[in-house]
Amino acid sequence: MTQPEKPVATRLSLSQRPRRNRKSDWARRLVRETTLDASDLIWPLFVIEGEGRRDAIASMPGVFRYSIDQATQAVAQAAALGLPAVALFPNIDPGLRDEAARAALDPDNLVCRACRAIKASVPDIGLITDVALDPYTSHGHDGLLVGEEIVNDATVAVLTRQAVIQAQAGADVIAPSDMMDGRIGAIRAALDAEGFENVQIMSYAAKYASAFYGPFRDAIGTNKTLKGDKRTYQMDPANTDEALREVALDLEQGADMVMVKPGMPYLDIVRRVADAFHAPTFAYQVSGEYAMLTAAAQNGWLDGERAMMESLLAFKRAGAAGVLTYFAVQAAEILRRE
Ligand code: PBG
């Protein structure tokens, strides 16, 4: 094939040609502002009763619910890949769910047993547990339902005890995802009173009432049971100043790290929070985001690997210290290969 001739045109007289810094791989690497590392990634994983179980989740291809033995193996692999922490979410036997979320306070519940097993065999990875009642309530809400209302203060009392039993089971980081008012201060006080002053709190400080949580509710089995929605406690997606007020409150009450959730549609919030507080700020790339990217990749509509890595880098660029992502293991494998 004959090469087309280089088009001749008047040469522009430019002192700045930004393309010079993009002319080759080494030149791009030299001026790169943001990097992604396995240490930036937290892997959320689902646990379920049983043994030898690795149940697929239809709306999250490639994500599984693990029985404790399988979860322990998976976490060992995550640690070997350099992931700093995992976050556990239980799928509780429907027969154990009730109005009062009693199973949340059982020191032998699924999450507590998973914590003990993982701590015993993979001591060098951070273990994050979710404080909220939705896996345990018959109605799928994060708090106690009295009439039509999710009652705040009575819920906080339960969350506080839930946090303590998780710390007793070996959790390194307590992550309240419930959005009740005042829970961070109450949990901090209870942990300290029980001698857990070194257990950290990562608060879901700016958590929005989002449609992107759908597949997660499949994973923990609350999709069918959830009555109504969570708009009286999770934030209105229209708001941004309110996120700063929520983060300020959680930091005042003792949060060590704060989180914005969901992730990609809320990068503006990540940036504002990071700039305003200079506290470790995390983003949660939630189940719906995982589902969208994975579905498009499976259809051949996106280069899945590139889109995944780009999405994760975007969180770092927006100012996040790290990302909770269902892609954590896949991404860490790619980072290791590179
Ligand atoms: C509930 C909780 C949710 C998620 C984490 N914790 C869902 C909800 O608020 O209904 C969502 C995570 C995801 O979608 O990946 N405490």
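**Ground rules**

I number residues from 1 along each chain as its sequence is written. Since the model is predicted, local features need pLDDT of at least 70 and side-chain atom pairs count only at pLDDT 80 or more, while totals for chains, interfaces and linings use all residues.

I looked up the confidence first. The protein chain averages a pLDDT (the predictor's confidence in each residue, from 0 to 100) of 97, and 99% of the residues score at least 70. For the complex, the predictor gives an ipTM of 0.98 and a pTM of 0.96.

**Ligand shell**

Which residues surround the ligand? I took a residue as near a molecule or strand if its C-beta atom, placed from the backbone, lies within 6 Å of it. I got Asp130, Ala132, Asp134, Asp142, Ser177, Asp178, Tyr213, Phe216, Arg217, Lys230, Val286 and Ser287 around the ligand. I sorted that shell with Ala, Val, Leu, Ile, Met, Phe, Trp, Tyr, Cys and Pro as nonpolar, Asp, Glu, Lys and Arg as charged, and the others, Gly among them, as polar. The shell comes out as four nonpolar, two polar and six charged.

**Helix H7**

Helices (H or I, at least four residues) and strands (E, at least two) are DSSP runs, numbered from the N terminus. The expected span of a helix is 1.5 Å times one less than its number of residues.

Next I checked burial: buried means 20 or more other C-beta atoms within 10 Å of a residue's own, exposed 12 or fewer, partly exposed in between, with C-beta atoms placed from the backbone. In H7, the buried residues are Ala243, Glu246, Val247 and Asp250. They cover an arc (of the directions from the helix axis to the C-beta atoms) of only 95 degrees, which puts them on the same side of H7. An α-helix has 3.6 residues a turn, so residues three or four places apart point the same way. On the face turned away from the buried side I found the exposed residues Asp241, Arg245 and Glu252.

For contacts I used C-beta atoms, placed from the backbone, within 7 Å. The buried residues of H7 pack against helix H5 (183-193), strand E9 (200-207), strand E10 (257-261) and helix H8 (267-277). Just past H7, glycine 254 has a positive phi of about 115 degrees.

**Helices H4 and H5**

H4 (152-168) has 17 residues and reaches 24 Å from first C-alpha to last, close to the 24 Å expected. Its buried residues include Thr155, Val158, Leu159, Gln162 and Ile165. Among the elements they pack against are helix H3 (110-121), strand E5 (126-131), strand E8 (173-176) and H5. Glycine 170, which follows H4, has a positive phi near 115 degrees.

In H5 I listed Arg183, Ile184, Ala186, Ile187, Arg188, Ala190 and Leu191 as buried. Their cover includes E5, H4, E8, E9 and H7.

Most residues other than glycine have a negative phi, and most peptide bonds are trans. I noted the exceptions below.

- Lysine 261 and proline 262 are joined by a cis peptide bond, omega about -5 degrees; proline 262 is in the loop between E10 and H8.
- Methionine 179 has a positive phi near 65 degrees and lies in the loop between E8 and H5. It is buried, with 25 other C-beta atoms within 10 Å.
- Histidine 278 has a positive phi of about 50 degrees and is in the loop between H8 and strand E11 (281-285). It counts as exposed, with 9 C-beta neighbours inside 10 Å.

**Two single residues**

Arginine 116 touches Ala169 and Gly170, leaving out residues up to four places away in sequence.

Alanine 307 lies in helix H10 (304-317) and is also partly exposed, with 16 C-beta neighbours inside 10 Å. With the same exclusion, alanine 307 touches Leu293, Ala297 and Leu302. From glycine 288 it is 19 residues away in sequence and 15 Å in space, C-alpha to C-alpha.

Key
Two residues are in contact if their C-beta atoms, placed from the backbone, lie within 7 Å.
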